[in-house]
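Biologist: Please show me the model, and then let us go through it by question and answer.

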Amino acid sequence: MQRIMIKKGYFGQFGGQFVSELLYPALVELEKAFMTAQKDKYFQKEYQRLLTDYAGRPTPLYYAKKTSEFIGYKVYFKREDLLNGGSHKINNALGQVLMARLMGKKRIVTETAAGMHGVAATMAANVAGLTCDVFMGVKDIERQKLNAEKIKILGGNVVPVSRGNGILKDAVSEAMVAWIRDLPNTHYLIGSAVGPYPYPAIVAYFQRIIGVEAKRQILDRENKLPKAVIACGSGGSNALGVFQAFLSDKDVELIFVEGKEAAGFKNGSKGIFQGAKTYLFQDEFGMDRRTSSRAAGLNYPGRSPILSDLFDKRRISVSVASDKEVLDAYFQMSHLEGLMPALETCHAIVELFKKKGEYKKEDIVLLNFSGRGDKDLAIARQYLISNS
């Protein structure tokens with residue numbers, strides 16, 4: 001597996017630490033803890049124990065027979081939806097709470113939109129004996145009521161964010177303010193591979209297990225690599241998680257699918273956003289543009305600086321999926337395989353369906369099935385009513 005190369009907090013020309021001087025000591029502390037964690041045998045043993053016994057790793061690699069027959073080639077799903085909490089988010093949450101404990105922190109603050117990361121962060125905080133405040137936009141609380149209630153039941157504190165548009169980017173900003181106010185006791189557990197260095201590297205590190213497992217599993221099953229790996233994303237934690245294992249395999253196409261209504265790569269440009277230089281859905285004045293994706297977890301204008309570097313180097317290709325395509329895929333996958341995907345995951349499924357007949361019968365496409373979609377039932381039901 002090719003290692004992501006980092007020089008002075010940058011990934012190529014992207015990344016950096018564009019933050020208030022108040023945050024520099026905290027970022028230095030965090031980088032030291034990250035370096036220690038990677039080498040500490042006790043940390044690694046405890047992290048691996050929790051991934052196995054608590055989260056439920058390894059996740060299966062599922063041969064989607066009916067989808068394969070429909071598409072015309074072999075399709076495998078990496079079943080991150082089967083993890084405790086319902087998505088890949090628990091991989092990073094467990095790693096970061098152990099780092100927080102290593103730093104002597106007592107409190108976690110974090111952001112969430114679809115709610116999956118908020119649930120994972122609260123669960124992980126409980127395991128580590130820390131309190132957890134989850135900042136969530138008021139619009140996302142309304143459309144992701146199930147996960148907002150789960151966070152509360154698990155003992156987390158949901159902090160409504162009404163500033164701005166009341167969505168993910170606003171929750172990130174408010175969580176960062178809360179972190180600054182209590183740096184000695186608080187760790188900000190960022191859920192995606194965004195923000196100032198070392199956060200993108202930390203999230204990529206804790207999510208890489210997805211690709212490590214998937215590559216081993218597909219080789220054991222088929223004795224060859226897939227033609228393509230497809231993953232959804234905005235910040236891109238699940239995409240980076242699966243892509244990393246295949247970066248050196250030049251014959252494997254890596255396809256990143258973003259929301260058409262928040263297309264930071266397709267309709268964005270380079271800029272500075274929430275602590276890092278990256279690709280950004282922005283206007284001519286360098287201000288982030290309003291996004292409107294029905295998938296709350298992808299309703300974010302920025303992209304990971306790591307993915308931005310890979311995009312600039314043309315190692316990943318980018319596609320988009322519209323809200324309508326995503327909701328249609330939600331029902332189609334539910335009927336085809338009896339699997340209910342998160343709307344975020346449906347973006348990757350849309351791209352899979354678009355590639356119907358594109359490969360030979362014995363070729364393989366691997367899709368990262370990043371989360372389950374029970375949280376999106378209300379949105380799906382309303383879509384049915386509106387189109388009946």
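Predicted model: local features only at pLDDT ≥ 70, side-chain atom pairs only at ≥ 80, totals over all residues.

Biologist: How many bridges join β5 to β6?
Modeller: The two strands run parallel. The number of bridges between β5 and β6 is six.

Biologist: Which residue of β7 is the bridge partner of Phe135?
Modeller: Strand β6 covers residues 131-137 and pairs with β7 in the parallel sense over five bridges. The bridge partner of Phe135 in β7 is Val159.

Biologist: Is β6 largely enclosed by the rest of the structure or left open, and how many of its residues are buried?
Modeller: Buried means under 20% relative accessible area. By that cut-off β6 is largely enclosed by the rest of the structure, because the buried count among its seven residues is six.

Biologist: Which strands stand at the edges of the open sheet of six strands?
Modeller: The order of this sheet is β3-β4-β14-β9-β10-β13, with mixed pairing. Two of its strands have a single partner each, so one side of each is left without a neighbour in the sheet. The twist from one strand to the next averages 25 degrees. The edge strands are β3 and β13.

Biologist: Which residue of β4 stands opposite Tyr63?
Modeller: Strand β4 (residues 74-79) runs antiparallel to β3, and three bridges join the two. The residue opposite Tyr63 is Tyr76.

Biologist: Which strands does helix α13 touch where it packs on the sheet?
Modeller: Helix α13 covers residues 323-337, and its direction makes about 95 degrees with that of β13. The strands touched by α13 are β3, β4, β13 and β14 (364-369).

Biologist: How far does helix α8 reach from its first C-alpha to its last?
Modeller: Helix α8 (residues 168-181) has 14 residues. At 1.5 Å a residue, the expected reach is 20 Å. The buried residues of α8 include Leu168, Val172, Met176 and Trp179. From first C-alpha to last, α8 reaches 20 Å.

Biologist: Which element supplies the largest share of the lining of the largest cavity?
Modeller: There are three cavities of 30 Å³ or more, and the largest holds about 430 Å³ of space. Its lining has 37 residues, and those closest to the centre are Lys89, Ser192, Ser234, Ser237 and Gly297. At least two lining residues come from each of β5, α5 (116-128), α8, α11 (237-243) and α14 (343-354). The largest share, three residues, comes from α8.

Biologist: Where does Pro198, with a cis peptide bond from Tyr197, lie?
Modeller: Most peptide bonds are trans. The bond from Arg57 to Pro58 is cis with omega near 0 degrees, and Pro58 lies in the loop between α2 (41-55) and β3 (61-63). The bond from Tyr197 to Pro198 is also cis, with omega near 15 degrees. Pro198 is found in the loop between β8 and α9 (199-207).

Biologist: Is Arg314 buried or exposed, and what is its relative accessible area?
Modeller: Arg314 has a positive phi of about 60 degrees although it is not a glycine. The residue lies in the loop between α12 (305-312) and β13 (316-321). Exposed means over 50% relative accessible area. Arg314 is therefore exposed, at 77%.

Terms used:
Residues numbered from 1 in each chain as written. Heavy atoms only, no water. Pairing = 2+ DSSP bridges. Helix = DSSP H or I, 4+ residues; strand = E, 2+ residues; numbered from the N terminus. Expected span 1.5 Å × (residues − 1). Buried < 20%, exposed > 50% of the residue type's maximum accessible area, 1.4 Å probe, protein only. 1 Å grid on protein atoms, 1.4 Å probe; cavity = no way out; pocket = protein on both sides within 12 Å on 5 of 7 lines; lining within 4 Å. Points joined across faces, edges and corners; volume = space filled by probe spheres on them. Axes fitted to C-alpha atoms, helices over the stretch in contact; angles between N-to-C directions. Contact = heavy atoms within 4.5 Å.
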